[in-house]
Amino acid sequence: MHVIGAGLPRTGTLTQKLAIEQLGLGPCYHWVDLLADLDRVGSWERALDGEAPWEEIFSGYCSTVDWPGGFFYDELAGTYPEARVVLSVRDPQRWEASFRETIWDMCFGDSLICHLSAARAKVDPRWERYLRLVDRMFWVERGTFAAGHAEPDALIAAMRRHEDEVRQRVPAERLLVWDVTEGWAPLCEFLRQPVPDHPLPHANDRDSFIDRVVGGALAALQTWHQTVPAPS
């Protein structure tokens with residue numbers, strides 16, 4: 001394991017994944033990998049239950065950013081002592097708006113993404129199980145936002161608590177606090193890699209997330225519809 005991303009979702013983590021892979025430190029596990037293979041949800045559930053199935057989860061991967069991996073940054077840092085930790089950060093107000101219209105909206109909003117996600121959960125047990133995993137990581141038990149998330153100030157307060165916790169738990173020499181707008185230079189210096197001669201890749205996390213959730217729901221509902229017997 002080369003890199004452990006401790007930054008919250010919606011802090012440019014898909015750009016971070018692409019950058020790490022372009023530096024030759026991938027493949028890099030990201031939330032999109034979980035969405036692409038929902039059979040992996042069970043392994044993450046075991047991690048939340050206190051097990052450490054890291055070799056199973058990260059088989060074939062050399063780095064991880066975004067959740068679910070970032071939720072376990074402390075455990076992973078202890079398991080992989082040679083790995084470097086990157087805390088991706090973002091302007092709090094812009095982060096809150098992005099987080100709310102994606103992950104929060106999927107779970108609580110009166111929006112198309114929420115209604116499609118809920119409909120998919122009715123016909124796709126794997127998606128229902130995935131949503132329970134999201135609940136545990138974010139909203140309940142020891143979830144990142146369990147203390148409150150309905151109002152913008154509550155989300156931002158939780159964001160700041162998380163960032164402060166990372167700074168306290170990870171030794172300074174092992175940690176980079178990085179905003180993707182800073183470009184390649186800080187990341188490459190920290191990871192001891194040459195700076196590429198092309199711009200930092202840019203990935204639209206918001207559009208990618210919405211496309212995957214909405215597209216996955218529509219595909220699952222279409223598959224379900226094809227199995228429903230025609231009215232006699």
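Of the 232 residues of this protein, 54% count as buried, where buried means under 20% relative accessible area, exposed means over 50%, and partly exposed lies in between, with a 1.4 Å probe and protein chains only. The model is a predicted one: local features need pLDDT of at least 70, side-chain atom pairs count only at pLDDT 80 or more, and totals for chains, interfaces and linings use all residues. Residues are numbered from 1 along each chain as its sequence is written, and side-chain values use heavy atoms, with hydrogens and water left out.

Now the overall dimensions. The C-alpha atoms fill a box of roughly 70 × 40 × 40 Å, taken along the principal axes.

Next, the secondary structure. There are 11 helices and 5 strands. Both are DSSP runs numbered from the N terminus, helices being H or I with at least four residues and strands being E with at least two.

In what order do the 5 strands stand in the sheet? The order is 2-3-1-4-5, in an open sheet with parallel pairing. Strand 2, residues 28–29, and strand 5 stand at the edges with a single partner strand each, so one side of each is left without a neighbour in the sheet. Two strands pair if DSSP finds at least two bridges between them.

Let me go through some of the pairs. Strand 1, residues 3–5, pairs with strand 3, residues 63–64, over 2 bridges in the parallel sense. In this pair, Val3 stands opposite Ser63. Strand 1 also pairs with strand 4, again in the parallel sense, over 3 bridges. Here Gly5 has Val86 as its bridge partner. Strand 4 and strand 5, residues 175–178, pair in the parallel sense over 4 bridges, and Leu87 stands opposite Val177.

Is it mostly covered or mostly open? Residues 84–88 make up this strand, and 5 of its 5 residues are buried. In a regular strand the side chains alternate between the two faces of the sheet. Arg84, Val86 and Ser88 are on one side, Val85 and Leu87 are on the other, and all are buried.Moving to a helix: helix 3, residues 41–48, has 7 of its 8 residues buried. Which residues are buried in helix 3? They are Val41, Gly42, Ser43, Trp44, Glu45, Ala47 and Leu48. Their cover includes strand 2, helix 2 (31–36), helix 4 (54–57) and helix 8 (125–139). Just after helix 3, Gly50 takes a positive phi of about 105°.

That brings me to the backbone. Most residues other than glycine have a negative phi, and most peptide bonds are trans. Arg10 is not a glycine, yet has a positive phi of about 75°. Arg10 sits in the loop between strand 1 and helix 1, and counts as buried at 5% relative accessibility. Glu141 is not a glycine either, and has a positive phi of about 50°. Glu141 is in the loop between helix 8 and helix 9 (152–169), and is exposed, with a relative accessible area of 60%.

Where are the cis peptide bonds? One joins Gly26 and Pro27, with omega about 0°. Pro27 lies in the loop between helix 1 (13–22) and strand 2. Another runs from Trp67 to Pro68, with omega near 5°. Pro68 is in the loop between strand 3 and helix 5 (73–79).

Last, the start of the chain. Met1 is in the segment before strand 1 and is partly exposed, at 24% relative accessible area. Not counting residues up to four places away in sequence, Met1 touches Phe58, Cys62, Ser63, Thr64, Tyr80 and Ala83.

Definitions and conventions. Contact = heavy atoms within 4.5 Å.
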